[in-house]
Amino acid sequence: MQIICNGKIINMPKGSTAKDIGDFDVFVRNGYGITKQTELFEGDNIVAVKSGQVPNKEDFNQMIFARNGKDASDKLNKSCVCICGLGGLGSNIAEMLTRLGIGKLILVDYDIVDPTNLNRQNYFVSDIGSLKTDATTNILLKINPYVQIVKKNVFVNSKNILEIIECADIVVEAFDSAKSKAEIVNTILAGSDKIVVASSGMAGIGSSNLIKTNKPMSRLYICGDMQSEAKEGLSLMSPRVNICAAHQANMVARILLGEVEC
């Protein structure tokens with residue numbers, strides 16, 4: 001029988017198992033992990049790698065395509081998303097979009113990682129003192145070494161935002177400051193044709209079901225409960241922040257795949 005292994009057609013006897021392919025440790029068949037003892041069949045598409053080995057770009061993309069579907073993966077891989085703010089929302093959104101297979105990310109933040117960030121942001125103790133753009137990039141490249149990343153270590157305002165987002169298909173607003181949120185979102189909507197996925201209200205430990213995605217304008221989506229702003233006695237906590245981040249990441253995916261309603 002014939003199978004495809006790492007992009008090459010090979011002949012194997014019927015009844016062969018994955019371990020018969022060669023000196024490999026990890027096997028993926030048609031997008032799904034299998035063991036060394038798994039029997040192979042005619043036409044199977046296998047990616048085989050050794051422990052610690054990074055698959056080449058083509059094999060890596062094929063594994064993503066098998067999970068997400070080729071049409072969806074092609075669209076996502078050709079897309080560019082700008083994430084403004086790499087705190088509790090943005091750092092986690094960046095990870096989700098990388099796992100999803102977004103081809104290019106523009107990461108925007110001027111801040112460094114400090115110990116108070118670790119309760120909800122996608123960083124590690126070893127990242128303390130690093131620029132958030134650098135720390136996020138390092139994490140994302142461990143997930144997908146082939147994602148394109150553009151780092152913008154700048155303080156975003158109404159004067160530079162339109163230039164920053166010029167190449168993006170969608171802009172994610174992930175700031176803490178309500179003033180910054182309003183300034184940036186209003187500038188983007190007034191000065192460009194970009195779609196914005198923003199946030200409002202995810203503090204505390206309230207019900208997960210209160211966090212929703214709304215579409216108040218044709219090019220604006222807002223995720224959150226629209227009420228629970230962080231303040232004294234109501235802090236930002238990982239579970240709820242991540243729920244809101246997931247709403248934003250999911251809405252980005254839906255828009256890129258043609259599902260423009262909430």
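A polar atom of the serine 16 side chain lies 2.6 Å from the backbone oxygen of proline 13; a polar contact is a pair of N or O atoms within 3.5 Å, in which, within protein, one must be able to donate a hydrogen and the other to accept it, and residues adjacent in sequence count only if both atoms are side-chain atoms. The model is predicted, so local features need pLDDT of at least 70 and side-chain atom pairs count only at pLDDT 80 or more, while totals for chains, interfaces and linings use all residues. Residues are numbered from 1 along each chain as its sequence is written, and side-chain values use heavy atoms, with hydrogens and water left out.

Serine 16 is found in the loop between β2 (8-11) and β3 (26-29). Serine 16 counts as buried because its relative accessibility is 5%; buried means under 20% relative accessible area, exposed over 50%, and partly exposed in between, with a 1.4 Å probe and protein chains only. Beyond its neighbours within four places in sequence, serine 16 is in contact with Met1, Thr38, Glu39 and Leu40, contact meaning heavy atoms within 4.5 Å.

The protein has seven helices and 12 strands; these are DSSP runs numbered from the N terminus, helices being H or I of at least four residues and strands E of at least two. Of its 262 residues, 47% count as buried. The C-alpha trace spans about 65 × 40 × 35 Å along the principal axes.

The largest nonpolar core has 36 residues, of which Val81, Ile83, Leu97 and Leu105 touch the most other members. Such a core is a set of buried Ala, Val, Leu, Ile, Met, Phe, Trp, Tyr and Cys residues joined through side-chain atoms within 4.5 Å. Elements giving two or more residues to this core include β6 (80-84), α3 (90-100) and α7 (238-256), and α7 supplies the largest share, eight residues. Leaving aside its neighbours within four places in sequence, leucine 97 is in contact with Val81, Ile83, Ile102, Leu105, Ala249 and Val252. Another core, of 20 residues, lies apart from it, with Ile106, Val108, Val171 and Leu220 among its members.

Most residues other than glycine have a negative phi.
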